[in-house]
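Thanks for coming, everyone. Please take a moment with the sequence and the model before I start.

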Amino acid sequence: MTVNVTTSLVNSGDEVISLRDVSKTFGGFRAVDDLSFSVREGEIVTLLGQTGAGKTTVLNLIMGTLQPDAGSIRVAGFDPFGQFRDMKGRMAVSFQTDRLLPWRTALENVELGLLILGRPKHEAREVARSWLARVNLAEAESKYAHELSGGMRQRVALARALAVDPKLVLLDESFSQLDHVTSQTLRRDFCELARNLGKTCLMVTHRIDDAIEMADRVIVLGPGARISLEMGLGEARSNEMTREASRKKIEAALGLQEKKQDYQGE
Amino acid sequence: MTRVGNNQAMAASAASKVVGMRRESIWQRAAFRDTGATIIVVAILLLAMEVSSHFVPDYIMPSPVAVAKAAIGLANNDYSHILITLGRLLAAMLFAMVAGVLLGLVMGMSPIFRPFIRSLVIIDTGIPALSWILLAVFWFKNPETRIFFILVMILLPFYALNIYDGIRALPKDLVDMIESFRPSRWQTLRYLILPHIVPYILLTTKSVIGYATRMVIFAELVASAVGVGSRMGLAQSTFHVDQVLAWTFFLVVLNIVMQFLVTGAEKALLKWRPEASVR
């Protein structure tokens, strides 16, 4: 059963992402079952779900690397799979791992998207340099990936994604492989940048903290990527009590409270 | 023990450690060890030659001095043959590298052409070098064309198959990353595939240099009147074993120099790659 609660929350006029009745099956396994939701311009939305809930499949469908079996997907007005190359420069992705090209320096990695967009070399270099400075890595511009720490590499990857000035940024568990302190710092830095620049962001994660600290809205996915909860989080970021209430609701939607009770019962 | 005594003991211990470390570092230094081992091996070979030259005639084993004299004579009068052989080798290797890389790229990037090219390349790997040498003698009049053809047919599959394997080993993570920027095929080739296959090109070149040197000599012996291979054939037919060994010495030096150049290129082109060492 699909719980479609998006219509009331979304003004369809400024939707950057729109999924309508999307399904995707692998062999006999229905990874995404009749999913609908939207993300408005300038919004930071988190897709939260446990492992195997189909979060990454949803992200791949939005990225255009997978074709849906049914339903329609529009990203910035385009069909991301059918109009794959037409979406050049409109979307950038920050992945779970940094995925830096090892033969390029930090600066050259940040340049990459700009060069693919066809920006002149000197201009790409200037923009890349300014982005490295924004993520506090100006000193590391000539270092190769293996010479950087995990947090520094992820910063370079974020700079690479944001440097192309995309309308939409997708984050696939981008902070989950970092230690707690680095992850928290990076989350804050990213949110500040994204909000200042008015970027639309869709973040996939399995960590409730990431969702509460970063997102305007959370969409909790259950098995088959069915929406089990959709909730605004604007107040939760500033109010401790609302934050706790939101956390409990999310935990309930994820079925974590039942598991806690099971453990306590045992 | 007093504090002074303690300090002296510690200083002595530290000094002995430093001396120990120095000794260790000299003996364990790879460059020193490699050079030392090479000198020892060469010395043993020269000694064996010298000893055996006293028991057998000159046309079986000349003394190292005779070989050195022959080498000096050849270096002064016949150096053009070394240059000809080197030119043939470099031209054929360069062409085989470019053509092999192109074929590898087509195999790696075009599912339509892949099975056809792969079949051709695999058939080529099964054809003995001697078959190409004999066929080249029948098919081409010009000795340069013969040798070029022989070497290219022998070396090309190494490059093609290694580059194809290199493209197959491309991490999917990096492909997905670059695809997220929606590049053209040319941009994917330029920013991802070509830099990724550089180590494969260098590794193949390093692996085939020795083989290519042996093959060019063999091809020259059969298919040409000039070049080191043909001169070695002449020396053998006139019982000048000292000259055969002198030419062999030049070929070994040539191979070492070429390996050294490729290693230099590798250091310059792959400076981004961290050096891993296994304990």
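First, the ground rules. This is a predicted model, so local features need pLDDT of at least 70 and side-chain atom pairs count only at pLDDT 80 or more, while totals for chains, interfaces and linings use all residues. Residues are numbered from 1 along each chain as its sequence is written, and chains are lettered from A and ligands numbered from 1 in the order in which they are written.

Start with chain A. It has nine helices and nine strands. Helices here are DSSP runs of H or I with at least four residues, strands are runs of E with at least two, and both are numbered from the N terminus. How far does the C-alpha trace of chain A span along its principal axes? About 60 × 40 × 35 Å. Chain A has 266 residues, and a compact globule of that length would have a radius of gyration near 18 Å; chain A has 19 Å, which agrees. That radius is taken over C-alpha atoms, and the globule rule is 2.2 Å times the number of residues to the power 0.38.

Now burial. In chain A, 46% of the 266 residues count as buried. Buried means 20 or more other C-beta atoms within 10 Å of a residue's own, exposed means 12 or fewer, and partly exposed is in between; C-beta atoms are placed from the backbone.

Domain 1 covers 6-90 + 167-265, and domain 2 covers 98-165. Those bounds come from an automatic or database domain assignment. The C-alpha centres of the two domains of chain A lie 26 Å apart. A contact means C-beta atoms, placed from the backbone, within 7 Å.

Strands β1 (residues 15-26) and β2 (residues 29-40) of chain A run antiparallel, joined by eight bridges. Strands pair if DSSP finds at least two bridges between them. K24(A) stands opposite V32(A) in β2(A). Two residues lie between the strands of this hairpin, and G27(A) in the turn has a positive phi of about 60 degrees.

On to chain B. Which elements does chain B have, and how many? It has 11 helices and zero strands. Of its 279 residues, 29% count as buried. Take helix α5 (residues 114-126) of chain B. At 1.5 Å a residue, its 13 residues should span 18 Å, and its end C-alpha atoms are 18 Å apart, which agrees. The expected span is 1.5 Å times one less than the number of residues. Is α5(B) largely buried or in the open? Of its 13 residues, the number buried is one, so α5(B) lies largely in the open.

Look also at A276(B), in the segment after α11 (241-269) of chain B. A276(B) is exposed, with 5 other C-beta atoms within 10 Å.

Last, the two chains together. Their contact takes 14 residues from chain B and 20 residues from chain A. On the chain B side, α8 (172-179) and α9 (185-223) each supply at least two residues.

Definitions and conventions: Two residues are in contact if their C-beta atoms, placed from the backbone, lie within 7 Å.
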